[in-house]
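Subject: Structure handover

Hi,

Here is the structure for you to look over. My notes follow below it.

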Amino acid sequence: MIDTDNLQEILSEVSQWMVNYYKNLPSYPVTPDVQPGDISKQLANTPPEQSESFKDIFSDFNSIIMPGMTHWQHPKFFAYFPVGGSLPSLIAEILMATLSPQCMLWTTSPAANELETSVMKWLQKMLGLPEEMVGMIQDTASISNLTAIMCARETLSNYAINKEGFQGQHYTVYCSTEAHSSIDQAEKILGIGTNNLRKIPVDDEFAMKPTELAAAIEKDIKNGLSPCCVVATFGTTSTVGVDPIKEIGEICDHYNIWLHIDAAYLGSALILPEVRQLINKYKNVNSFVFNAHKWLFTHFDCSVYFVRDKAALMKTLMLKPAYLKTHLDSKVTHYSDMSIQLGRRFRALKLWFVIRSFGVKQMQHIIRQHIQWAKELEQIIRKIDFIEICTPAKFNVLTFRLHPLGADDEDRLNQLNDYFLQKINETHKIFLSHTELHGRFVLRIVLGQTFMRAEDYLEGWSIIHGIAKEIIAENKLI
Ligand SMILES: *Cc1c(COP(=O)(O)O)cnc(C)c1O
């Protein structure tokens, strides 16, 4: 058994393991070399009747679990959007786990409640968000997006749908074709229906076309439908495209529609004044989300949600069964009154540790460096004639594909690039993911890992370049 008598000894062993993990991380394979079922076949089919020793459990962790893990904090993790771990965030996670508090009401964890309010004000200043907005922490951007559209639905119906359900109203929601799939998911959950989600076309930079948005809204109004919410993406998942917030905001003002900004990834870069200019021109946003767990050095999970009308959020979500009432209800904000879930972790502690330990200047420096490295990588790639840049470095993301001279059959190019990506990831030394742009299969590289140094992306690129040369030499699919 693990108990307080042997805890010190066990923690020493685990903390040594943790230090070694972070030190040796660059030499680990980024992804595991396993097939489906490889892990489960090593796991016991029945739970143990008797206590097992820490030694046995930890030994299985090292021999069964570790070889099946993808290392998201690896400096050569270039896929999806990396998680933003850091050592200060790690320490806060350990402390949170030790306290294991339930931060639903002020009363259930006063310090957690007040720290959340305080770090939200810090972030508001760091990101330059409008002063009237109020922040809170959610688990993920998917839930923040759902919350925003739910609030929009309730504000428009004057809180009737919460009570009566839809009574024949037809609500419509708008986002670009490049918006995140969690917007579709929200339409399903909220009863709006995915057929009532209008996917507005994008321009060459993968940004929503405001004229098309206005046309879609006009058409829906003419047909007797009720436009409810526009979701503008500040940093799309595929290519970090930025919707024109100002133009979209003016359309929302004109038709009196809720404007939500999904800045899940790129929001962290708003700590740079040069990026903030992109969003500052328009102030009338109703709600805004960004994931500190993506690019702000914070362990998963920690999604930050800001809303202009706190009262509307509470009116949409608050439930007060007898067992949740307290004598302080008129004096304090209970964050659970503003969330879909009742239970809440003490995530604010991570942000407090991260922001204090790095300091804003260092955070700005790291993000600027990532952006600079992506530009430099683009220049390196441009010199290679059989690799084509599909979208130039936008912030710290770029897309590319293998495109041998004279090979212009798009289907074959798609097959070739699927094969190219498989070959890259089969090395397990780096990890990339792909996306589809105008029907083209393209590889995506994100330089956003906290622990990445310049040599990591340069070595990573030389692996990619080497594989590209081999494929060209094999002349297989052409
Ligand atoms: C990652 C991402 C999401 C989803 O984030 P979760 O926190 O995993 O739910 C939503 N929108 C955008 C633009 C994203 O990049």
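A disulfide here is a pair of cysteine sulfur atoms within 2.5 Å. Please keep in mind that this is a predicted model.

Cysteines first. By that cut-off, the count is zero disulfides. Take Cys229: the closest cysteine sulfur is in Cys228, 5.7 Å away, so the two are too far apart for a bond. Cys229 is also buried, at a relative accessible area of 0%. Cys302 has its closest cysteine sulfur in Cys103, at 12 Å, which is therefore too far for a bond. Cys302 counts as buried as well, with 0% relative accessibility.

The largest cavity holds about 90 Å³. What lines it? From one stretch of the chain come Gly128, Leu129, Pro130 and Met133; the other lining residues are Ile261, Ile279, Asn280, Tyr282, Lys283, Val285 and Phe288. By class, that lining has eight nonpolar residues, two polar and one charged.

Strand 8 covers residues 387-394 and strand 9 covers residues 397-402. The two run antiparallel, joined by five bridges.

Best regards

Methods. Residues are numbered from 1 along each chain as its sequence is written. This is a predicted model: local features need pLDDT of at least 70, side-chain atom pairs count only at pLDDT 80 or more; totals for chains, interfaces and linings use all residues. Side-chain values use heavy atoms; hydrogens and water are left out. On a 1 Å grid over the protein atoms alone, a cavity is a set of points where a 1.4 Å probe fits but cannot get out, and a pocket is an open set with protein on both sides within 12 Å along at least five of seven lines; lining residues have an atom within 4 Å of a point. Grid points are joined across faces, edges and corners, and a volume is the space filled by probe spheres set on the points. Ala, Val, Leu, Ile, Met, Phe, Trp, Tyr, Cys and Pro count as nonpolar, Asp, Glu, Lys and Arg as charged, and the others, Gly among them, as polar. Two strands pair if DSSP finds at least two bridges between them. Helices (H or I, at least four residues) and strands (E, at least two) are DSSP runs, numbered from the N terminus. Buried means under 20% relative accessible area, exposed over 50%, partly exposed in between (1.4 Å probe, protein chains only).
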